[in-house]
Amino acid sequence: MIDTIKPHPIFSRNISGDRSVFSLSPPAVSLIMSSTSTTGGFPTAPEPENNDVQAQTLRRNRILSSKLYLDIPPSKVPLIYSPSYDIAFLGIEKLHPFDSSKWGRICQFLIVDGVLEKKRIVEPLESTKDDLLVVHPESYLNSLKSSLNVSIIVEVPPVALLPNCLVQQKVLYPFRKQVGGTILAAKLAMERGWAINVGGGFHHCSAEKGGGFCAYADISLCIHFTFVRLNISRVMIIDLDAHQGNGHELDFSNDRRVYILDMYNPHIYPLDYGARRYIDQKVEVPTGTSTTDYLSKLDKALEVASRNFSPELIVYNAGTDILEGDPLGRLKISAEGIATRDEKVFSFARERSIPLVMLTSGGYMKSSARVIADSIINLSKKSLIELPSSPGKI
């Protein structure tokens with residue numbers, strides 16, 4: 001099932017071919033008329049809310065003062081990773097099905113296979129509190145000072161018993177580094193045409209609530225940074241993780257600058273029916289969907305997306321929990337199918353000259369790291385990305 005347009009609280013939108021016509025709905029007209037004052041019988045617009053103006057100014061200032069937008073030399077490739085991404089602490093990380101060493105193993109495969117030199121990898125900075133406050137209210141960040149709250153978000157109950165200083169260092173610090181990577185990836189994508197953060201994609205976290213192993217809203221943060229630092233006003237999220245991306249859907253619920261294509265299994269977590277109302281293009285792939293059916297739906301979805309929206313940047317959430325055998329995704333997509341999926345999305349962006357950011361997101365089997373590495377190698381072979389190989393290796 002594909003729903004192409006989400007409702008706007010003020011405007012109704014009618015689509016005719018490639019043309020969009022906006023009109024005020026009758027309730028909206030009444031709302032506007034009742035909220036305006038009159039001078040000599042003519043309505044005048046209400047004064048802007050001071051609090052909103054101040055909040056927007058503060059957000060802008062935080063983005064402009066951030067140090068996350070590093071200048072990266074040409075010798076580096078736009079592939080972002082830090083050893084700090086990987087989570088390891090007394091084996092507690094093994095209590096969650098997510099492979100918390102996946103990110104490092106992806107890079108190791110690429111290095112051992114000779115398609116990437118370690119010195120060419122870009123290492124991001126950790127996102128600071130001021131960076132995170134661009135999207136998250138202080139009350140949410142303060143809630144992460146409770147080990148119990150963090151244990152609920154990462155779905156590992158024993159974390160609740162740890163001193164919060166250890167939780168910050170061993171769990172949240174790796175996440176903050178990955179957020180820095182996602183934000184930097186947008187800058188690199190605009191400069192090089194593509195960028196891959198070997199991490200990130202925390203699409204279950206919204207501004208005010210974490211969950212599903214997602215503590216920070218890196219996708220929302222990345223996009224808000226692009227609005228200010230890169231002067232971008234149209235971003236498309238292509239979320240192909242098996243799970244619904246309810247976090248970014250809530251964050252951009254009424255923001256017409258962001259178009260969301262979400263292709264997900266409707267029968268699994270998070271079952272957020274409220275957030276589904278804000279998906280521009282909803283593509284449901286039920287439990288047991290095969291590779292052939294999945295790729296066919298993706299082809300049709302990308303075609304619809306190209307007609308409905310013309311983005312300046314694509315944020316691609318490339319979860320591998322669609323892989324056959326994944327205990328949480330419950331789909332039946334082959335490893336080759338995932339490589340083809342990624343190839344289709346990169347080709348979609350390349351054919352339209354749209355910079356693309358790829359995030360690795362979910363994937364709950366040890367084999368996911370190898371599948372992701374193989375997909376990146378395939379993208380390089382198809383000349384959709386450029387990865388200078390190590391000397392003497394193919």
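Visitor: Which residue just after α3 takes a positive phi?
Guide: That's Gly114, with a phi of about 80°. Before we go on, this is a predicted model: local features need pLDDT of at least 70, side-chain atom pairs count only at pLDDT 80 or more, and totals for chains, interfaces and linings use all residues. Residues are numbered from 1 along each chain as its sequence is written, and side-chain values use heavy atoms, with hydrogens and water left out.

Visitor: How many helices and strands are there in the protein chain?
Guide: There are 13 helices and 12 strands. Both are DSSP runs numbered from the N terminus (helices are H or I with at least four residues, strands are E with at least two).

Visitor: What makes Leu359 count as buried?
Guide: Buried means under 20% relative accessible area, exposed means over 50%, and partly exposed is in between (1.4 Å probe, protein chains only). Leu359 has 0% relative accessibility, so it counts as buried. Leu359 belongs to strand β12 (residues 356-359). Across the 394 residues of the protein chain, 54% count as buried.

Visitor: Which residues does Leu359 touch, not counting those up to four places away in sequence?
Guide: Among them are Thr182, Asn197, Asp218, Ile219, Val315 and Tyr316. Touching, or contact, means heavy atoms within 4.5 Å. Gly319 is 40 residues away from Leu359 along the chain, yet their C-alpha atoms are separated by 7.7 Å. For the protein chain, 73% of the contacts with a separation of 6 or more are between residues 24 or more positions apart.

Visitor: Why is α12 called oblique to α13?
Guide: The axes of α12 (residues 335-351) and α13 (residues 368-381) come within 9 Å and cross at roughly 45°. That angle makes α12 oblique to α13, because angles under 35 degrees count as roughly parallel, over 145 as roughly antiparallel, 65 to 115 as roughly perpendicular and the rest as oblique. The axes themselves are lines fitted to C-alpha atoms over the stretch in contact, with angles running from 0 to 180 degrees between N-to-C directions.

Visitor: Which residues of α12 and α13 make the contact?
Guide: α12 brings Ala335, Ile338, Ala339, Asp342, Glu343 and Phe346, while α13 brings Val371, Ser375, Asn378 and Leu379. They divide into 6 nonpolar, 2 polar and 2 charged. Here Ala, Val, Leu, Ile, Met, Phe, Trp, Tyr, Cys and Pro count as nonpolar, Asp, Glu, Lys and Arg as charged, and the others, Gly among them, as polar.

Visitor: What makes α2 roughly perpendicular to α8?
Guide: Helix α2 (residues 50-65) and helix α8 (residues 218-229) pack at about 85°, their axes 10 Å apart. That angle makes α2 roughly perpendicular to α8. Arg59, Arg60, Ile63 and Leu64 of α2 make the contact with His224, Phe225, Val228 and Arg229 of α8. This set divides into 4 nonpolar, 1 polar and 3 charged.

Visitor: How do you know that Asn164 is buried?
Guide: Its relative accessible area is 18%, so Asn164 falls on the buried side of the cut-off. Asn164 lies in helix α7. Leaving aside neighbours within four places in sequence, Asn164 is in contact with Leu144, Lys145, Ser146 and Ser147.

Visitor: What makes Ser383 partly exposed?
Guide: Its relative accessible area is 47%, so Ser383 gets that label. Ser383 lies in the segment after α13, and its phi is near 60°.
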